[in-house]
Amino acid sequence: MTLHMCHSKVKRPRPVPPLELPGSSRVQGRRAGTGLCSRGQAGFVPGHTLSVPLHGKEKMFAAYFDCPGGPENLYIKEVMKPDPGEGEVLVKVSASALNRGDLLQRRGKYPPSKGASDILGLEAAGSVAGLGPGCSGRWKIGDAVMALLSGGGQAQYVTVPEGLLMPIPKDMTFIQAAAIPEAWLTAFQLLHFVGKVQEGERVLIHAGASGVGMAAIQLVRLAKAIPIVTAGTQEKLEATANAGAAAGFNYKNEDFSKKVLEFTQGSGVDIILDCVGASHWEKNINCLSTDGRWIIYGLLSRGEIHGDLLARLLSKRASIHTSLLRPRHKEYKERLVRAFAEEVLPHFSGGASPRLQPLVDSVYPLHAIAEAHRAMEENRNIGKIVIEIPVCFKKGPLQ
Ligand SMILES: NC(=O)c1ccc[n+]([C@@H]2O[C@H](COP(=O)([O-])OP(=O)(O)OC[C@H]3O[C@@H](n4cnc5c(N)ncnc54)[C@H](OP(=O)(O)O)[C@@H]3O)[C@@H](O)[C@H]2O)c1
């Protein structure tokens, strides 16, 4: 016996069409066909709808895996619905989004921080469904919110400290909002908390068409600095140009450091946002300016390097910074969310100039989460892959 989700009943309180960056060839709404592996089907408990109390406790469905490995290990599991603790809010999730961190966690290489949910999902958008003791009164039942999470977002409900919630900007759908917290807060943190970007500076963004990259391009523009990107296909470079990149280079078929030096008339870039690591290190140092800041926040290639990195860094008085957001403590994240809400969030609403836009590559229903993981693992997405959480699960064949 398996379950299927009734998508027709998905409620979108604000049915505004998805935003699309001008000229982008990608649209929201591409959907995966099938979903769960047979292993996953064993995790279903047929015959229950959402949040029905079972033996006195409420349950819910969530994306889960038991053993680290490939996307085929993912399944939908019935688990206990969480209760909001002190200062926490219970959110009924309408949409979450996928991050490289989910893929690493699934492979057993990025375990959740101590005390965090082991359910996948680092961000969510939905509505407030409950308030724990000691909440400040800022949030009310039914408020449309988006959340930065340490885990647990790819489920029907998640609890989150109230300071890690943000209101969903006016005229934005849950699907668009789910594409904001992790990628945009990461990019904002790297640029402002770590890199301290200044007006007029040149910022090189690797993986420019990634979720974080597309956010970083727009935030660099918002800071009146100049975004330059690398990406692996022409289609991705075009999307980054539509998002505001001043120049873009295909790292697979040209030496990006030479191109960056040409573009900057020999002076190089002031900041590099680097999620690639070892394979790019020599080219990074070639095109980093004197006193440049090289910020490593991912290792998509690998971590070990061989060469005269330290001497070359010293000769440019350059610095290397590293950053990981998920394991940061709550107070740091609350400070980050507060700063982002004040300085950036207003720019997602109509009339703002410049106007920022979350870029949704595709939307997969929760039961097709394995397919969504495959798409990201194969580097197919431009911008964010969003996971839609259906409002009800019923008995029946998988679609
Ligand atoms: N430190 C933090 O706090 C933090 C937070 C969030 C994300 N991250 C990191 O940020 C990066 C982007 O995350 P995301 O979720 O936005 O990713 P994403 O949307 O999945 O995009 C990643 C892109 O990186 C490029 N890529 C993959 N392998 C590569 C390689 N070996 N060399 C060069 N480029 C490669 C691919 O684009 P091309 O086709 O252009 O190659 C791929 O589509 C990841 O490394 C992630 O772990 C870090």
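1. Let's start with α4, which is mostly covered: 11 of its 14 residues are buried. Buried here means that 20 or more other C-beta atoms lie within 10 Å of the residue's own, exposed means 12 or fewer, and partly exposed falls in between, with C-beta atoms placed from the backbone. Helices (H or I, at least four residues) and strands (E, at least two) are DSSP runs, numbered from the N terminus. The buried residues of α4 include Pro 181, Trp 184, Phe 188 and Leu 191. After the helix comes Lys 196, with a positive phi near 45°.

2. A word on what you are looking at: this is a predicted model, where local features need pLDDT of at least 70 and side-chain atom pairs count only at pLDDT 80 or more, while totals for chains, interfaces and linings use all residues. Residue numbers run from 1 along each chain as its sequence is written.

3. For the overall picture, the chain has 11 helices and 18 strands. It holds 399 residues, and 49% of them count as buried. Among contacts with a separation of 6 or more, 73% are between residues 24 or more positions apart. A contact means that the two C-beta atoms, placed from the backbone, lie within 7 Å.

4. Now the ligand. How many residues surround the ligand? There are 28, and the closest are Ser 210, Gly 211, Gly 232, Gly 298 and Leu 325. To be in this shell, a residue needs its C-beta atom, placed from the backbone, within 6 Å of the molecule. By type, the shell divides into 12 nonpolar, 13 polar and three charged residues. Ala, Val, Leu, Ile, Met, Phe, Trp, Tyr, Cys and Pro count as nonpolar, Asp, Glu, Lys and Arg as charged, and the others, Gly among them, as polar.

5. Which helix gives the most to that shell? That is α4, with three residues. At least two residues each come from α2 (100-106), α4 (181-194) and α5 (211-222). Both domain 1 (3-180 + 358-395) and domain 2 (184-322) supply at least three residues of the shell; the domain bounds come from an automatic or database domain assignment.

6. Ile 180 counts as buried because 27 C-beta neighbours lie inside 10 Å. Leaving aside residues up to four places away in sequence, Ile 180 touches Met 146 and Pro 358. Its C-alpha atom is separated by 9.0 Å from that of Gly 211, 31 residues apart along the chain.

7. Next, β11. Six of the six residues of β11 are buried, so the strand is largely enclosed by the rest of the structure. In a regular strand the side chains alternate between the two faces of the sheet. Here Ile 226, Ile 228 and Thr 230 point one way, while Pro 227, Val 229 and Ala 231 point the other way.

8. What are the partners of β11? On β10 (residues 202-205), four bridges make a parallel pairing with β11, and Ile 205 has Val 229 as its bridge partner. The chain gets from β10 to β11 through α5, in a right-handed β-α-β crossover. Right-handed means that, with the strands pointing away from the viewer, the path from the first strand over the helix to the second runs clockwise.

9. With β12 (residues 247-250), β11 (residues 226-231) also pairs in the parallel sense, again over four bridges; strands pair if DSSP finds at least two bridges between them. Ile 228 stands opposite Ala 247 in β12.

10. Most residues other than glycine have a negative phi, and most peptide bonds are trans. Asp 291, in strand β14 (residues 288-296), has a positive phi of about 65°. Asp 291 is exposed because it has 10 other C-beta atoms within 10 Å. Arg 317 has a positive phi too, near 50°, and lies in the loop between α9 (309-315) and β15 (319-322). The peptide bond joining Ser 353 and Pro 354 is cis, with omega about -5°. Pro 354 sits in the loop between α10 (330-343) and β16 (360-365).
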